[in-house]
Amino acid sequence: YIFVKIPAVIRGMDRLIFWLAARVLHKQKTMSYRYIMQRLYYIYWIAAYLRRHDFDRVILENHGTLLWIMRLFHNNVKYAGHYYYHMHNTVPNFYHCRGIMKKCAAIIGVSNYILSTLPDDVRTATECVVLRNRVDERRFQHSVSEEQLEVYRRRFHLGRKKVVLFTGRFSPEKGPKQLLMAWKQLRPKDAVLLIVGGAYYKSDIRTSFEREMAQLAASMHESVRLTGFIPYQDM
């Protein structure tokens, strides 16, 4: 495992860009401006590392900008037939690397639908394979004592009510707004809606969507709890 440490000056530049986008330019999707410099630094660092070392396979994870890792230093030639692209969601932009994408050894998608969103020329140029996401269920199959349960009930002020759990990244496409609106219509008296997750993992950044949902949840404070990000080992 190799950890790419981002220099403090690069992180500082990103904070400045993010501040300008949010406070001066009033951009709607501010998260798009949060890690620009860090992403560029990471791409260059990895591309240079691949040039200096030899690997059997290279897998690019999801974001279209990572295709530049293969474009820089002619890594696409060095690793021809040995690099793969793993799609978790639709790819709206290939960042001038469409040719790199078409020459992947294979494009791996989490569903047939995700693969179907690729342009026809990309899908016909390379092999497309479905590899669905998995979770190790054994991580959640262990007994919990009544004392432990009581600790969590007190921590999130659940009382003795039934608990309906939503867990996942707190963003519009995951559906928390629809869930909250439906919960508001139901107005259950014997249940609590527990929403677990943050918009950007454990980052302290709060998106406008999160703030909007927090206000909606506050109007139902007796029956809705927002926990924010919870580490995986505590789930």
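Buried means under 20% relative accessible area, exposed over 50%, and partly exposed in between, with a 1.4 Å probe and protein chains only. The model is predicted, so local features need pLDDT of at least 70 and side-chain atom pairs count only at pLDDT 80 or more, while totals for chains, interfaces and linings use all residues. Residues are numbered from 1 along each chain as its sequence is written, and side-chain values use heavy atoms, with hydrogens and water left out.

**The sheet**

Helices (H or I, at least four residues) and strands (E, at least two) are DSSP runs, numbered from the N terminus. Two strands pair if DSSP finds at least two bridges between them. Three strands form an open sheet in the order β5-β6-β7, with parallel pairing. β5 and β7 stand at the edges with a single partner strand each, so one side of each has no neighbour in the sheet. From one strand to the next, the twist averages 20°; angles run from 0 to 180 degrees between N-to-C directions, and axes are lines fitted to C-alpha atoms, for helices over the stretch in contact.

| Strand paired with β6 | Bridges | Direction |
|---|---|---|
| β5 (residues 162-167) | six bridges | parallel |
| β7 (residues 224-228) | four bridges | parallel |

In β7, G228 is the bridge partner of V196.

Strand β6 (residues 191-196) is largely enclosed by the rest of the structure, because six of its six residues are buried. Both of its faces are covered: A191, L193 and I195 are buried on one side, and V192, L194 and V196 on the other.

**The helices beside the sheet**

From β5 the chain crosses through helix α9 (residues 176-186) to β6, and this β-α-β crossover is right-handed; that is, with the strands pointing away from the viewer, the path from the first strand over the helix to the second runs clockwise. α9 lies across β5, β6 and β7, running at about 170° to β6.

α9 also packs with helix α10 (residues 208-218), at an angle of about 10° and with their axes 11 Å apart. Angles under 35 degrees count as roughly parallel, and α9 and α10 are therefore roughly parallel to each other. Where they meet, P176, K177, L180, M181 and K184 of α9 face F209, E212, M213 and L216 of α10, contact meaning heavy atoms within 4.5 Å.

The loop between α10 and β7 holds E222. E222 is exposed, with a relative accessible area of 52%.

**The nonpolar cores**

A nonpolar core is a set of buried Ala, Val, Leu, Ile, Met, Phe, Trp, Tyr and Cys residues joined through side-chain atoms within 4.5 Å. The largest has 29 residues, and those with the most contacts inside it are I69, M70, Y85, M87, M101 and I107. Elements giving two or more residues to this core include α2 (36-52), β2 (83-87) and α6 (112-116). α2 provides the largest share, four residues. Apart from this core lies another of 13 residues, among them W183, L193, L216 and V224.

Definitions and conventions. Angles under 35 degrees count as roughly parallel, over 145 as roughly antiparallel, 65 to 115 as roughly perpendicular and the rest as oblique.
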